[in-house]
Amino acid sequence: MQIDATGKEIVKWSGRRSRSPLENRLVSIASFAASRDIPVPMDHARRLGQLRRRLTKTGLSGLLVSHLTDIRYLVGFTGSSAALGITKRTARLFTDGRYTAQAAQQVKGAQVEIVSGAPAVSAIQWLAAQPASTTAGFEPTHTTVAELTRLRSELPSKLRRTFLTPLSAPLVETLRLIKDEDELAIIRENALIGCRLFDHILTVLRPGIREVEVAAELEYQARLQGAEAMSFETIVASGERSALPHGKASTAPLPRKGFVTLDFGIIREGYCSDMTRTVCLGTPRSEERTAYEAVLEAQESAVAAVSASVSCGEVDEAARSVLRKAGMADAFTHSTGHGVGLEIHEQPRLGAGQKTRLQPGMVVTIEPGVYWPGKFGLRIEDMVAVTKTGGQVLTPAPKALIQL
């Protein structure tokens with residue numbers, strides 16, 4: 001172990017890190033699942049049941065679901081064109097002829113109807129034709145004014161004004177906030193794949209290699225380990241570019257000295273992962289080392305604050321207060337974290353003043369950072385599953401300052 005002048009550990013990276021017994025067990029599970037290539041079955045019947053109970057409380061007769069992520073969550077369909085109509089007793093998925101075989105194979109808990117026109121139009125017409133159907137809710141955050149106008153124009157004239165009703169609060173998105181054990185198993189595996197990718201990319205990083213080459217190698221290895229895609233465009237930001245919070249990989253070569261921030265994630269079985277690590281090429285300068293230790297302390301403070309019933313604003317403040325004390329609050333320019341699941345950015349948002357309280361089953365990121373344009377920046381990010389007693393870190397890659 002090397003200790004710097006402040007008494008902090010500096011890790012000289014010389015190869016693959018050792019793992020704890022728990023992590024070895026989780027890695028074995030992930031490798032086994034990936035090798036079998038068998039999707040984890042989801043309990044769609046339970047999800048539809050939960051949604052119907054919430055629908056009943058709204059007083060609406062039915063629900064139009066047009067957001068493809070919500071459709072996948074509810075009935076398992078992964079196509080690019082679909083709408084789902086749900087009543088208190090039945091559900092029907094509408095899609096086009098490209099997905100005849102796929103829908104028959106994937107859809108659980110709903111009948112499938114292949115249509116030649118717009119699936120959403122067919123869905124609202126079906127909802128309107130159901131016995132005793134007087135109103136149907138829709139998600140205003142996923143419906144444009146133009147789409148709503150078109151949908152209403154396709155209804156019988158007597159229903160155009162009153163049938164489609166905007167939901168006052170999301171129904172499906174709030175269900176997705178709490179991950180069940182099947183979802184958590186996939187997310188854990190995806191997070192551990194990310195840790196293995198980080199292990200590998202440490203052997204690739206060197207002065208002169210271009211940021212895009214680093215990203216390409218990381219994404220290639222991700223595919224080899226079972227990723228369907230990346231969660232977002234991979235961020236590789238080095239030297240002065242590390243001061244860009246969303247510094248997507250460029251053709252710039254890695255510098256001889258300075259920070260390299262790596263922010264990436266994979267999608268597998270539809271679920272996203274997300275992690276960030278910042279490493280140092282060469283010996284860190286005093287101001288870089290000081291900033292790194294402050295961000296690390298802030299990140300670990302926020303991770304420790306994660307627990308059921310704690311508000312998202314309290315977790316954000318746990319990170320922000322550390323950086324405020326270090327005189328770096330102005331350099332922390334974004335929220336502390338966000339939810340992760342079928343989408344890379346989901347509710348809740350861990351930001352200043354956010355009142356939403358964490359619940360067991362939520363998966364959030366903890367990712368404070370500091371950025372000084374023209375100089376450098378850094379960020380450290382973990383995925384954390386909320387439990388009844390605290391938070392479980394899903395991305396156990398090293399966080400002590402790695403010096404390459």
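What follows is a walk through some features of a predicted model, from its confidence to a few of its local details. Because the structure is predicted, local features need pLDDT of at least 70 and side-chain atom pairs count only at pLDDT 80 or more, while totals for chains, interfaces and linings use all residues. Residues are numbered from 1 along each chain as its sequence is written, and side-chain values use heavy atoms, with hydrogens and water left out.

Confidence comes first. The chain has a mean pLDDT of 92, pLDDT being the predictor's confidence in each residue on a scale from 0 to 100. A value of 70 or more is reached by 90% of the residues. Residues 32–36 are another matter: there pLDDT stays under 50, and the model has 3 contacts for them beyond four places in sequence (contact means heavy atoms within 4.5 Å).

Next comes helix H2, residues 44–58. Helices here are DSSP runs of H or I with at least four residues, strands are runs of E with at least two, and both are numbered from the N terminus. The buried residues of H2 are His 44, Arg 47, Leu 48, Gly 49, Leu 51, Arg 52 and Leu 55. Buried means under 20% relative accessible area, exposed means over 50%, and partly exposed is in between (1.4 Å probe, protein chains only). An α-helix has 3.6 residues a turn, so residues three or four places apart point the same way. Just after H2, Gly 59 takes a positive phi of about 85°.

Val 75 belongs to the largest nonpolar core, which has 39 residues. Such a core is a set of buried Ala, Val, Leu, Ile, Met, Phe, Trp, Tyr and Cys residues joined through side-chain atoms within 4.5 Å. Leu 74, Val 75, Phe 77, Leu 84, Ile 86 and Leu 93 touch the most other members. Apart from this core lies another, of 33 residues, including Tyr 292 and Leu 358.

A sheet of 3 strands is open, ordered S9-S12-S13, with antiparallel pairing; strands pair if DSSP finds at least two bridges between them. S9 (229–230) and S13 (271–272) stand at the edges with a single partner strand each, so one side of each has no neighbour in the sheet. S9 and S12 (residues 266–268) are joined by 2 bridges, and Met 230 stands opposite Ile 266. In the loop between S12 and S13 sits Glu 269, a residue other than glycine with a positive phi near 55°. Glu 269 is buried, at 15% relative accessible area.

Ser 309, in the loop between helices H10 (286–305) and H11 (312–325), also has a positive phi, near 85°, but counts as partly exposed at 47% relative accessibility.

Lys 179 is in the loop between H7 (172–176) and H8 (181–202) and counts as buried at 5% relative accessibility. A polar atom of its side chain lies 3.2 Å from the backbone oxygen of Val 340. Its contacts beyond four places in sequence include Val 340, Gly 341 and Glu 346. Finally, a cis peptide bond joins Gln 347 and Pro 348, with omega about 5°, and Pro 348 is found in strand S16 (residues 346–350).

Definitions and conventions:
A polar contact is a pair of N or O atoms within 3.5 Å; within protein, one must be able to donate a hydrogen and the other to accept it, and residues adjacent in sequence count only if both atoms are side-chain atoms. The expected span of a helix is 1.5 Å times one less than its number of residues.
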